[in-house]
Protein chains: 2
Amino acid sequence: MSLRVGVIGGGQLARMMVPAAVNLGIDLRVLAEAEGSPAQLAATAVGDYRDLATVLEFAKTVDVITFDHEHVPEEILRELVSAGHSVHPGPDALRFAQDKLAMRRRLSELGVPVPDWAEVRSEDELAAFLEDHDGHAVLKTARGGYDGKGVRLIRDVGESTDWFRILDEDGRGGSLLVEELVDFRRELAQLVARRPSGETRLWPVVETVQRHGVCSEVFAPAPGTTSRLVDLAASIAVTIAESLDVTGVLAVELFETTDDRLLVNELAMRPHNSGHWSIEGSVTSQFEQHLRAVLDLPLGDTATRAPWTVMVNVLGGPSAGDLTDAYPKALADQPNVKVHNYGKEPRPGRKIGHVTATGDELDEAAFEARSVAALLGSDISIAP
Amino acid sequence: MSLRVGVIGGGQLARMMVPAAVNLGIDLRVLAEAEGSPAQLAATAVGDYRDLATVLEFAKTVDVITFDHEHVPEEILRELVSAGHSVHPGPDALRFAQDKLAMRRRLSELGVPVPDWAEVRSEDELAAFLEDHDGHAVLKTARGGYDGKGVRLIRDVGESTDWFRILDEDGRGGSLLVEELVDFRRELAQLVARRPSGETRLWPVVETVQRHGVCSEVFAPAPGTTSRLVDLAASIAVTIAESLDVTGVLAVELFETTDDRLLVNELAMRPHNSGHWSIEGSVTSQFEQHLRAVLDLPLGDTATRAPWTVMVNVLGGPSAGDLTDAYPKALADQPNVKVHNYGKEPRPGRKIGHVTATGDELDEAAFEARSVAALLGSDISIAP
């Protein structure tokens, strides 16, 4: 009679659901892409999430299906629902996380503030957008992008030629998303969790620091925020979660512009790198909350457990050996920093773990977390 | 190249090591007694811990052996060490947790304060002890006791007849431990972790409340403690850990007497019920610390994460169905209380989980935790 949650995808997000599932006595089952995935401890199946039969077979072993990533094809999600399986978030919500053009269209309809954008089908259409936006813009593929992939800053239409050629060859009349290059002060993220029956709970808005398009550090809560900004971020996230019928955790990535506006950058409908701080920093972590939400259980308190929490990603790792080889030095350096090791092989730029420090002083927590990340061999853990 | 820790025993203590192992990227492997144990997620072997071949086979798959319980026979522990396996805590330490007579003898030699005690081989010897102690005493079997089992309050030698008969039939010249009935104000527990290379770290001393011989509630830190008492508890625990060469977590159960002394009641050389509060209440939980300690990694900070943490055991559980059936009510009642479900079938008096509340006010945290324990069907969660 235990509660069985099935996660499609065996990455670090599925892995970090394991502790929460163990605590709550939830039977977590993972459909992993391959043997030896980060979530291998809970992997009850290995197979291709693009294969309907594989996914349907897996769905029969659980009470609810949720996700480590947003790459499961929409047709498969719809087949799951048709076959009577409980899928959270559902396909009607997920398509706005899968397709950036659909997302921009829907958010614009809702009146949610977004950067200037256009759907472009040709270099001519792109040239027109560039002309209207001081000659620079951000070009994005509608699907498949993450961690800076599928995103390109362009100053000349020529820089888009290869992407348009791929669309032409594909022959399905595809298009690209072009957006204004936002003049932003910093990036923020607002996470919210929502149950199918409607309850929502927000964590405090956080500041995220990206380097080379990859999240590097998160400060929770975002320092120096006005109550106006806090309320605005919360209202944007709740509007999106409710209007799009998102279930589970929704991460809304935001630009704080130099003229004090908030614009929605990206959406993710699953636990998100900008919420890893919540494992130690919040009464209820995003991983526990996601499990509670997709099971339609009452949501947990999202209050912070310390004035400041700083999360620093470990990117790359040691040039030789394993992350654990660095433990004798790294753990001794800062006994209060918590290390999260995703069990992935070190490789330049790869997210293989993260570290978290909490404390009364932001600077101190940031120093401690960066110090441990550096000792663990992280590529870009040094502050700018 | 990952760090592999093998745990003998698949109970809730092994289960609660799983989240810590997942976070740190430690490969935790469990030798469970049976299929479907609380630690089944990490169970890589099922077999009898009293069978040398089974245990030796399991030991070959890990870097260090540790324990969920203290019942592994000493001969087997010594064979493991002889075969070159790393065993923490080792047999020379563990025998003082396995044999209460050996423990009382050793602590007395060390000058650690303990209740008056005697080794008794007959009803006559017991009668003499009773006569010297106002006609009442606590009689204990040297081995095999836990959660009030193997412990008996006696007022008449006749109440010991069955135990002495078992010893006679056994024919190995066994004896019982008799102790004065301590006039105590309350019970405390001092947990300490120690690495093989010597580093020790202490958590704050906590108050434990027992009902019917089973731990019911823990308040961390122990309320109303003087600095003299705090120092004394710490010094007793460190003395024992160092003198007995304990590695991993050591729990020292203490009586605080009505005349302000501390006397050692029992020892446990593993994570302990009195330390479950540390999962949420301390920067480093006893489970993470135990893994770090047995791997001889630097120990983590044991500072508290809130002024007060209250842990309440869930004993028994709902009369029908599963603990999770009570989640809709229990989780909604106190969104800030954390629920730990050991995945065990409810049965009267059985420890099937615990709940933890943290906060600025002790009374409030205690109320919240008791409320959730009661909603989860706990037998004895109501305060006295």
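E217(B) is buried, with a relative accessible area of 1%; buried means under 20% relative accessible area, exposed over 50%, and partly exposed in between, using a 1.4 Å probe and protein chains only. This is a predicted model, in which local features need pLDDT of at least 70 and side-chain atom pairs count only at pLDDT 80 or more. Residues are numbered from 1 along each chain as its sequence is written, and side-chain values use heavy atoms, with hydrogens and water left out.

Now for the partner of E217(B). R370(B) forms a salt bridge with E217(B), with the closest N and O atoms 2.7 Å apart. A salt bridge here is a side-chain nitrogen of Lys or Arg within 4 Å of a carboxyl oxygen of Asp or Glu. Because R370(B) sits in helix α12 (residues 362–375) of chain B and E217(B) in strand β12 (residues 214–220) of chain B, the pair ties together parts 153 residues apart in sequence. Helices (H or I, at least four residues) and strands (E, at least two) are DSSP runs, numbered from the N terminus. R370(B) itself is partly exposed, at 21% relative accessibility.

Let's move to chain A. There, R185(A) and D260(A) meet through their side chains in a salt bridge of 2.9 Å, N to O. R185(A) belongs to strand β9 (residues 184–194) and D260(A) to the loop between β13 (248–257) and β14 (262–268), so this pair links parts that are 75 residues apart in sequence.

Finally, look at helix α10 (residues 286–294) of chain B: nine of its nine residues are buried, so the helix is largely enclosed by the rest of the structure. Just after α10(B), D296(B) takes a positive phi of about 55°.

Definitions and conventions
Chains are lettered from A and ligands numbered from 1 in the order in which they are written.
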